[in-house]
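Please look at the fold before reading on.

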Amino acid sequence: MKLYFENSYGKRRIIAEPATEEEVNKEIHKFCKERNFKIYYVRTWRDDDGLKWYDVGSWSEFFICDDRN
């Protein structure tokens, strides 16, 4: 699977290739910690294409996991 970060301009980049959901969460927390961003909550949902989105409290930046096979 691939984990993307989408910035406030809608530009996505791969930040990791985790194997499990636990690794996805670790990579998201690691990414935020490296940038001194405090996560107050995590909200997830799937879009119509089957991608899993993660909202960590930013109004305009998201993490996206493509775990489709």
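Which residue in β4 is the bridge partner of R43? It is D55.

This is a predicted model, in which local features need pLDDT of at least 70, side-chain atom pairs count only at pLDDT 80 or more, and totals for chains, interfaces and linings use all residues. Residues are numbered from 1 along each chain as its sequence is written, and side-chain values use heavy atoms, without hydrogens and water.

Strands here are DSSP runs of E with at least two residues, numbered from the N terminus. Two strands pair if DSSP finds at least two bridges between them. β3 (residues 43–46) and β4 run antiparallel, joined by four bridges. β4 and β5 are also antiparallel, with three bridges. Y54 stands opposite F63 in β5.

Both pairs form hairpins:

| Hairpin | Residues between strands | Turn glycine and phi |
|---|---|---|
| β3 and β4 | five residues | G50, about 90° |
| β4 and β5 | six residues | G57, about 110° |

In β4 (residues 52–55), K52 and Y54 point one way. W53 and D55 point the other way. All four are buried (under 20% relative accessible area, 1.4 Å probe, protein chains only).

E6 lies in β1 (residues 2–6) and is buried at 12% relative accessible area. Its side chain makes a polar contact with that of R12 (2.7 Å). A polar contact is a pair of N or O atoms within 3.5 Å, one able to donate a hydrogen and the other to accept it; residues adjacent in sequence count only through side-chain atoms on both sides. Beyond four places in sequence, E6 is in contact (heavy atoms within 4.5 Å) with residues including W53 and F62.

D66 sits in β5 (residues 62–66). The D66 side chain makes a polar contact with the R68 side chain (2.9 Å). Beyond four places in sequence, D66 is in contact with M1, K2, Y4 and L51.

Methods
Buried means under 20% relative accessible area, exposed over 50%, partly exposed in between (1.4 Å probe, protein chains only).
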